[in-house]
Amino acid sequence: VKAKIEYAEKLAEDRYRKAYESGDTEGVISAQKEMQNIAVQKTNLHTYMPPVPRIENTLQTQKMCYNT
């Protein structure tokens, strides 16, 4: 996932650069929005905490496996 976000970031930066150099205001705005979305995704990736399995669910699953 991290590599996908980094690749998307590089593409957005290239789009921004090309739009800026060509004077494409709408392209600059679009690329800025894309870079902002990517920044949010990066933040979410760094703060993501996977859910911790509940002990009672784990024990039930183990019982089911051993009983079959």
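Arg15 counts as partly exposed, at 43% relative accessibility. This value, like the others here, comes from a predicted model. Arg15 forms a salt bridge with Glu34, and the closest N and O atoms are 2.6 Å apart. The pair links distant parts of the chain: Arg15 lies in helix H1 and Glu34 in helix H2, 19 residues apart. Glu34 is partly exposed as well, with a relative accessibility of 26%.

The count of salt bridges comes to three. Side chains of opposite charge can pair when their charged atoms come close.

A further pair is Glu9 with Lys42, whose side chains meet at 3.2 Å, N to O. This pair also links distant parts of the chain. Glu9 sits in H1, which covers residues 2-22, and Lys42 sits in H2, which covers residues 25-47. The two residues are 33 apart in the chain. Glu9 is partly exposed, its relative accessible area being 23%. Lys42 is partly exposed at 29%.

Asp14 and Arg17 also meet in a salt bridge, at 2.9 Å, N to O. Both belong to helix H1. They are three residues apart, so about one helical turn separates them. Asp14 is partly exposed, with a relative accessible area of 35%. Arg17 is partly exposed too, at 42%.

The distances are set out below.

| Salt bridge | N to O distance |
|---|---|
| Glu9 and Lys42 | 3.2 Å |
| Asp14 and Arg17 | 2.9 Å |
| Glu34 and Arg15 | 2.6 Å |

Now to helix H1 itself. H1 has 21 residues, and at 1.5 Å a residue they should span 30 Å. The end C-alpha atoms of H1 are 30 Å apart, which agrees.

Which residues of H1 are buried? They are Ile5, Ala12 and Ala19. Seen down the axis of H1, the buried residues fall within an arc of 55°, so they line one face of the helix. H2 is included in what covers these buried residues.

The face of H1 turned away from the buried side carries exposed residues. These are Ala3, Tyr7, Lys10, Lys18, Glu21 and Ser22.

What follows the helix? Just after H1 comes Gly23, with a positive phi of about 80°.

Methods:
Residues are numbered from 1 along each chain as its sequence is written. This is a predicted model: local features need pLDDT of at least 70, side-chain atom pairs count only at pLDDT 80 or more; totals for chains, interfaces and linings use all residues. Side-chain values use heavy atoms; hydrogens and water are left out. A salt bridge is a side-chain nitrogen of Lys or Arg within 4 Å of a carboxyl oxygen of Asp or Glu. Helices (H or I, at least four residues) and strands (E, at least two) are DSSP runs, numbered from the N terminus. Buried means under 20% relative accessible area, exposed over 50%, partly exposed in between (1.4 Å probe, protein chains only). The expected span of a helix is 1.5 Å times one less than its number of residues. The arc is that of the directions from the helix axis to the C-beta atoms. Contact means heavy atoms within 4.5 Å.
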